[in-house]
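Please examine the structure shown here before reading on. The report is intended for a reader who is new to the study of protein folds.

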Amino acid sequence: MLPSLDGLKCFCEAARFLNFRAAARAVNLTPAALGQRIKQLEEQVGEKLFHRTTRSVVLTESGLALVPYAQRALRAAEDCLWAGQGELGPTPMELVLGSRHELGISWLVPILPHLRVAYPTVTFHLYIGSGSDLTNRVRSLDIDCAIASSRLTDPKLDSIRLHQEEYVFVGETELLKKNPFKSAEQSSNHTIVDTTEAMPLFRYWRNAPGGVDSMQFKEVLRMGTIAAILQLVLRGDGVAVLPLYYVEDELKQGRLKKIMPSVKPLSDYFRLIFRGDDPRRSIYESIAKSMLEHPLQ
């Protein structure tokens, strides 16, 4: 059984005055009642805390050792009271935020200074991963939360919607001049680049209204990350469906060109993902609101 705060307070006053009568007055008890509380505390810790004679009260070695910890416990109890009443302000917190590499570098890192200003008691750490790795780490509490466009099927996870993620089907401009891609039949002359064999990025175009499910590409290359895919596409080594925010500059500069632009790929949403039983939901909601103030880039 843990010591009561009342017992610890009586002990600290007795240690301060080294006089049970004076200590009893300080805590508004009779000397007998204070002595009873000291006795209960000694029984709990299993050690004598005071040497008492008719002339003096002296702390034992165990009593001396207990004093700073008892004082600390009382201060912590006071802090609990102040915190519960909202007097201490937000509690300092460390938050590990997961993201895929491209979004982390292009968007999250640039807005971190703004988040630090908005949440001065939160220390933000960044974890770089991808896809199921991010959601699995949130589920196992390896990281606190993550930003991903993954659809959630795990009942243990919850999310808050962030920015919409739009996609475009693109190829390098010179490649498309030499080797046009204006119809599904011309797909056999091109290499498609995606993250995995299941081609999750291309699905945003294929499953859109007007998209074609029967394209037969010359080759399928799997590059794992969007950054790697973009490098291959810019070299003219293939075509790909990529996030619009990530290639917008290349489109404006004419380095990339949309393929079959009459088909508008399906879109998705980035989500701030966290465990449904995480008690910090209100904090995540506030952070998500701040994130929405900063456009994808």
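Predicted model: local features only at pLDDT ≥ 70, side-chain atom pairs only at ≥ 80, totals over all residues.

Five strands form an open sheet, arranged in the order E4-E3-E5-E12-E6. The pairing within this sheet is mixed. Strand E4, residues 122-129, and strand E6, residues 157-165, are the edge strands, and each of them pairs on one side only. On average, neighbouring strands are turned by 20° against each other when direction is ignored.

## Strands E3 and E4

Strand E3 covers residues 93-100 and pairs with E4 in the parallel sense. Eight bridges connect the two strands. In one of these pairings, glycine 98 has tyrosine 127 of E4 as its bridge partner.

## Helix H5

Helix H5, residues 101-118, packs on the sheet. The helix touches E3, E4, E6, strand E5 (145-148) and strand E12 (268-275). The direction of H5 makes about 155° with that of E3.

## Helix H6

Helix H6 spans residues 131-139, and its buried residues are Leu134, Thr135 and Val138. Viewed down the axis of H6, these residues fall within an arc of 90°, so they line one face of the helix. The elements that cover the buried residues of H6 include E3, E4, E5, E6 and E12.

Just after H6 comes leucine 141, which takes a positive phi of about 70°.

Technical notes: Residues numbered from 1 in each chain as written. Heavy atoms only, no water. Pairing = 2+ DSSP bridges. Helix = DSSP H or I, 4+ residues; strand = E, 2+ residues; numbered from the N terminus. Axes fitted to C-alpha atoms, helices over the stretch in contact; angles between N-to-C directions. Contact = heavy atoms within 4.5 Å. Buried < 20%, exposed > 50% of the residue type's maximum accessible area, 1.4 Å probe, protein only. Arc of directions from axis to C-beta.
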